Amino acid sequence: MHNHQDKLKKLRATLENFQHGKGKSLPLDSMQGRMFEADLYKVDELLIGGKDILTKEEMLEMNMLYRLYTK
């Protein structure tokens with residue numbers, strides 16, 4: 001069974017792949033660019049915080065981000 005830190009690391013890698021792939025030409029000062037930066041910040045905060053167990057709301061939000069950036 002994976003702990004939440006492992007899943008967050010996978011999500012972080014997904015965000016990096018998006019950033020260097022589909023999101024490469026995304027202007028940072030655009031609405032999408034700002035949203036991506038905010039999403040990346042949220043994931044980094046949870047990773048740095050070292051939380052092994054996320055709340056239900058955090059899990060749902062991270063699942064939504066994963067789906068959004070793997071399209």
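The structure is a predicted model, where local features need pLDDT of at least 70, side-chain atom pairs count only at pLDDT 80 or more, and totals for chains, interfaces and linings use all residues. Residues are numbered from 1 along each chain as its sequence is written, and side-chain values use heavy atoms, with hydrogens and water left out.

**Confidence and elements**

- The predictor gives each residue a confidence called pLDDT, on a scale from 0 to 100.
- The protein has a mean pLDDT of 91, and 97% of its residues reach 70 or more.
- Helices are DSSP runs (H or I, at least four residues), as are strands (E, at least two), and both are numbered from the N terminus.
- Confidence is highest in H3, at 95, and lowest in H1, at a mean of 93.

**Largest pocket**

- Lining residues have an atom within 4 Å of a point.
- A volume is the space filled by probe spheres set on the points, and grid points are joined across faces, edges and corners.
- The largest pocket holds about 250 Å³ of space.
- Its lining includes His4, Lys7, Leu8, Met59, Met62 and Arg67.
- Helix H1 (4-20) and helix H3 (56-69) are the elements that give two or more residues to this lining.
- The lining has six nonpolar, two polar and three charged residues.
- In these classes, Ala, Val, Leu, Ile, Met, Phe, Trp, Tyr, Cys and Pro count as nonpolar, Asp, Glu, Lys and Arg as charged, and the others, Gly among them, as polar.

**Second largest pocket**

- The volume of the second largest pocket is about 190 Å³.
- Among the residues that line the second largest pocket are Phe18, Lys22, Leu26, Met35, Phe36 and Tyr69.
- Helix H2 (31-49) and H3 each supply at least two residues of this lining.
- H2 gives the most, with three residues.
- By class, the lining of the second largest pocket has six nonpolar, three polar and two charged residues.

**Nonpolar core**

- A nonpolar core is a set of buried Ala, Val, Leu, Ile, Met, Phe, Trp, Tyr and Cys residues joined through side-chain atoms within 4.5 Å.
- Buried means under 20% relative accessible area, exposed means over 50%, and partly exposed lies in between (1.4 Å probe, protein chains only).
- The largest nonpolar core has 13 residues, of which Leu15, Val43 and Met62 touch the most other members.
- H1, H2 and H3 each supply at least two residues of this core.
- H2 gives the largest share of this core, five residues.
- Contact means heavy atoms within 4.5 Å.
- Not counting residues up to four places away in sequence, Met62 touches Leu8, Leu11, Val43, Leu46 and Leu54.
- Met62 also belongs to the lining of the largest pocket.

- Leu26 sits in the loop between H1 and H2.
- Leu26 has a relative accessible area of 21%, so it is partly exposed.
- Beyond its neighbours within four places in sequence, Leu26 is in contact with Phe18, Gln32, Gly33 and Phe36.
- Leu26 and Tyr69 are 43 residues apart in sequence and 13 Å apart in space, C-alpha to C-alpha.
- Glu58 is part of helix H3.
- Glu58 counts as buried because its relative accessibility is 18%.
- Glu58 is in contact with Leu46 and Lys51, leaving aside its neighbours within four places in sequence.

- Asn3 lies in the segment before H1.
- With a relative accessible area of 32%, Asn3 is partly exposed.
- Asn3 and Lys51 are 48 residues apart along the chain, and 9.5 Å separates their C-alpha atoms.
- Asn17 belongs to helix H1.
- Asn17 is exposed, with a relative accessible area of 57%.
- Asn17 and Thr70 are 53 residues apart along the chain, with their C-alpha atoms separated by 9.1 Å.
- Arg67 is in helix H3.
- Arg67 counts as exposed, at 54% relative accessibility.
- From C-alpha to C-alpha, Arg67 and Phe18 are 12 Å apart in space, and they are 49 residues apart in sequence.

Notes
On a 1 Å grid over the protein atoms alone, a cavity is a set of points where a 1.4 Å probe fits but cannot get out, and a pocket is an open set with protein on both sides within 12 Å along at least five of seven lines; lining residues have an atom within 4 Å of a point.
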